[in-house]
Amino acid sequence: MEGISVENKHKIVVAVDESEESMHALSWCLNNLISHNSTATLVLLYVKPPPAMYSSFDVAVHMFSTDVITAVEKYGTDLVNSVMQRAETVYRNFNKRVKVERVIGSGEAKDVICNTVEKLKPDTLVMGSHGYGFLRKALLGSVSEHCAKRVKCPVVIVKPPHDK
């Protein structure tokens, strides 16, 4: 699939997270799906894990002070900023006329990615693969496989680099 270019003015969603695999997928997308004369829109989608929920009967809820909740929220914001800065470093190195949008979701990654793709109606979804084996994939599930089965646009799942 190397060397295939997406036509001008197409929208590509790239799911990014803290992993090297997602940054590799972003880099692969820039090298293989976006031509130098393209004015494509690249949507960087980051999904924050769902917030912890406690019932009013849960003893743990009384243990969390405002300071702890604020610290957890700040950590989440710092994590989003860190991932987006890493992604910016990747796409800035490509000198392409690409419009970049950032979308931040919260919840289960597979659901948020599928719902966001449904709303944005991109031409392509690009995701990295952690390259988990059969057993781990069977136990944990695969976000990329879930999305590939459920979204309506083409999905490119980028394997980890061979030197990993």
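By salt bridge I mean a side-chain nitrogen of Lys or Arg within 4 Å of a carboxyl oxygen of Asp or Glu. Arg102 belongs to strand β3 and Glu88 to helix α3, so this pair ties together parts that are 14 residues apart in sequence. Helices (H or I, at least four residues) and strands (E, at least two) are DSSP runs, numbered from the N terminus.

Before going on, a word on the source. This is a predicted model, in which local features need pLDDT of at least 70 and side-chain atom pairs count only at pLDDT 80 or more, while totals for chains, interfaces and linings use all residues. Residues are numbered from 1 along each chain as its sequence is written, and side-chain values use heavy atoms, with hydrogens and water left out.

Back to the pair. Arg102 is partly exposed at 43% relative accessibility, and Glu88 is partly exposed at 26%. Here buried means under 20% relative accessible area, exposed over 50%, and partly exposed in between, with a 1.4 Å probe and protein chains only.

How many salt bridges does the structure hold? There are five. One of them links Arg86 and Glu20, with 2.9 Å between the closest N and O atoms. Arg86 sits in helix α3, residues 66-92, and Glu20 in helix α1, so parts 66 residues apart in sequence are tied together. Glu20 is exposed, at 58% relative accessible area, whereas Arg86 is partly exposed, at 27%. Another salt bridge joins the side chains of Lys74 and Asp78, at 2.7 Å from N to O. Both of these residues lie in helix α3, four residues apart, which is about one turn of the helix. Asp78 is partly exposed, with 36% relative accessibility.

Now the sheet. In what order do the five strands stand? The order is β3-β2-β1-β4-β5, in an open sheet with parallel pairing. Two strands pair if DSSP finds at least two bridges between them. At the edges are β3 (99-106) and β5, each with a single partner strand, so one side of each has no neighbour in the sheet. From one strand to the next the twist averages 20°. Axes here are lines fitted to C-alpha atoms, for helices over the stretch in contact, and angles run from 0 to 180 degrees between N-to-C directions.

Two helices pack on this sheet. Helix α1, residues 20-32, touches β1, β2 (41-48), β4 and β5, and its direction makes about 160° with that of β1. Helix α4, residues 109-120, touches β1, β2, β3 and β4, and its direction makes about 150° with that of β2. Contact means heavy atoms within 4.5 Å.

Last, strand β4, residues 124-128. Is β4 mostly covered or mostly open? Mostly covered: four of its five residues are buried. Towards β1 (residues 11-16), β4 runs parallel and is joined by three bridges, and Val13 stands opposite Leu125. Towards β5 (residues 155-158), the pairing is parallel over four bridges. There, Val126 stands opposite Val156, and the bridge partner of Gly128 is Val158.
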